[in-house]
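Please keep the structure open while I talk.

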Amino acid sequence: MASDWTLKKIGEFAEVKGGKRLPKGKRLSEKKTTHPYIRVVDFTEGRISLSNLLYVPEEVFPNIKRYIVESGDVVISIVGTIGLIATIPSELHAANLTENAAKILIEDTTVDSQYLSYYLKSSIGQHEIQRNTVGSTQPKLPLYGIKNIEVSYPRLPEQRAIAHILGSLDDKIELNRRMNQTLEATARATFKSWFVDFVPVRAKAEGRPTGLPDDIAALFPDSFEGSEIGEIPKGWRVGVVSDLGNVICGKTPPTKDPENYGEDIPFITIPDMHGKVFVTQTGKYLSTKGANTQRNKYLPAKTICVSCIATPGLVVMTTKRSQTNQQINSVIPKSKRSSYYCYQVLNRLGDQIRAGGSGGSVLLNLNKTLFSNIKVLIPDSETIESYQQIVEPFFERLLQNQRESVFLSSLRDTLLPKLISGELRVPDAEKFVEEAGV
């Protein structure tokens with residue numbers, strides 16, 4: 001800590017209040033009301049995710065209205081995954097907070113809430129959180145433990161400058177995430193229109209314009225025919241997953257030989273697949289020696305990986321030569337001009353598996369044979385290639401954004417402890433951020 005910084009416990013400059021569970025017998029609703037309910041699962045990468053919020057029924061709110069959080073409040077998880085930190089965004093007003101979290105209400109005007117949030121996210125803050133956690137069987141961060149957390153901070157202008165630097169990186173990461181959601185949704189909507197709802201085929205069958213350029217519209221038939229999976233466009237066929245490409249079930253090299261692991265070949269496991277379209281980095285890597293013990297498990301770039309055991313239904317694409325463990329089945333597309341069609345087919349299959357419907361209960365533990373024989377729709381190659389050509393710029397931009405966010409996250413995580421400890425001062429940090437183009 002720099003010599004001109006102040007060191008205080010949270011209880012000396014803030015009030016700490018716990019959240020509240022709903023009254024017995026009452027349930028949260030997906031129906032939007034004026035009172036969102038913030039759960040620990042909504043704490044996502046230092047922010048409150050607004051995508052899957054549940055809501056407090058209007059008739060219940062008067063009973064728990066004393067437990068609301070407002071824009072700018074700092075919240076912290078205290079049970080289960082302890083120490084998740086977020087600041088309530090401006091979009092949320094009069095939201096209720098789960099009993100598994102607490103809010104920190106700053107009363108001292110010399111402490112900035114955004115600075116406090118970043119301090120608690122830092123390794124220094126997380127150490128303080130763990131130091132004040134109690135219980136071994138069911139650990140919990142009690143409210144008095146939060147009050148005892150020590151925080152070091154500079155004068156208010158420097159606090160705000162630190163928060164601004166780190167916040168600008170997080171804002172760019174969030175912007176990339178939202179942009180990628182839009183890009184992915186656009187590509188998925190086109191796929192659904194062409195290959196699920198058959199909108200161009202129905203339009204031609206009814207004598208209506210397809211709304212597509214003439215050369216693309218000409219690719220679609222103007223009638224349907226029956227099949228084992230229902231009505232499909234005439235001339236298309238029902239195939240199986242293995243018709244899309246070569247199916248590879250992953251494998252783990254012997255762990256008893258440490259030389260099998262290193263920094264050469266990305267080794268994809270289920271934790272690397274959450275919330276991503278592309279795998280740009282992995283938690284584990286194989287050595288060339290280890291990967292070569294199972295040469296038939298190599299996957300080139302643009303291979304589609306599907307988790308089929310443990311946490312089934314996650315789908316990602318590789319970005320470089322990789323291997324996976326045995327919980328993942330992968331499809332190497334027969335043609336590079338069909339990779340995004342294959343991704344969308346398997347992504348919809350993943351949706352079914354995660355939902356547990358449309359046969360999902362049977363698909364919860366798929367070996368290579370079962371996975372390879374799942375029925376899928378196979379259009380003609382020209383239509384598939386046309387789809388690839390249209391959506392390729394979307395996926396390439398998505399990949400660019402994802403790689404940029406990985407870099408920005410690494411930069412933020414490097415700057416955070418140095419700024420919070422006073423080791424790195426604001427002017428020097430600003431140079432790093434400026435060089436990153438933020």
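This is a predicted model: local features need pLDDT of at least 70, side-chain atom pairs count only at pLDDT 80 or more; totals for chains, interfaces and linings use all residues.

Residues are numbered from 1 along each chain as its sequence is written, and side-chain values use heavy atoms, with hydrogens and water left out.

The two strands involved are E17, residues 261–268, and E19, which run antiparallel and are joined by 4 bridges; strands here are DSSP runs of E with at least two residues, helices are runs of H or I with at least four, and both are numbered from the N terminus. Two strands are said to pair if DSSP finds at least two bridges between them. E17 and E19 belong to an open sheet of 3 strands, in the order E19-E17-E22 and with mixed pairing. E19 and strand E22 (323–324) stand at the edges of this sheet with a single partner strand each, so one side of each is left without a neighbour in the sheet.

Staying with Lys284, which residue has a side-chain polar atom 2.8 Å from the backbone oxygen of Lys284? That residue is Thr282, and the pair falls under polar contacts, meaning N or O atoms within 3.5 Å where, within protein, one must be able to donate a hydrogen and the other to accept it, and where residues adjacent in sequence count only if both atoms are side-chain atoms. Thr282 lies in the loop between strand E18 (278–279) and strand E19 (284–286). Thr282 counts as buried because its relative accessibility is 11%, buried being under 20% relative accessible area, exposed over 50% and partly exposed in between, with a 1.4 Å probe and protein chains only. Leaving aside residues up to four places away in sequence, Thr282 touches Pro266, Phe267, Ile268 and Asp272, where contact means heavy atoms within 4.5 Å.

Now to the backbone angles. Most residues other than glycine have a negative phi. Phe198, which is not a glycine, has a positive phi of about 55°, and Phe198 sits in the loop between helix H6 (156–195) and helix H7 (199–205). Is Phe198 buried or exposed? At 6% relative accessibility, Phe198 counts as buried. Lys302 also carries a positive phi, near 70°, in the loop between helix H10 (288–292) and strand E20 (304–307); with a relative accessible area of 24%, Lys302 is partly exposed.

There is another open sheet to look at, with 4 strands in the order E6-E3-E10-E7 and mixed pairing. Strand E6 (54–55) and strand E7 (68–69) are at its edges, each with a single partner strand, so one side of each is left without a neighbour in the sheet. Strand E3, residues 36–38, pairs with E6 in the antiparallel sense over 2 bridges, and Tyr37 stands opposite Leu54 in E6.

Finally, the whole protein: there are 14 helices and 24 strands, and buried residues make up 48% of the 438 residues. The C-alpha atoms fill a box of roughly 75 × 60 × 45 Å along the principal axes. Of the contacts between residues at least 6 apart in sequence, 71% join residues at least 24 apart.
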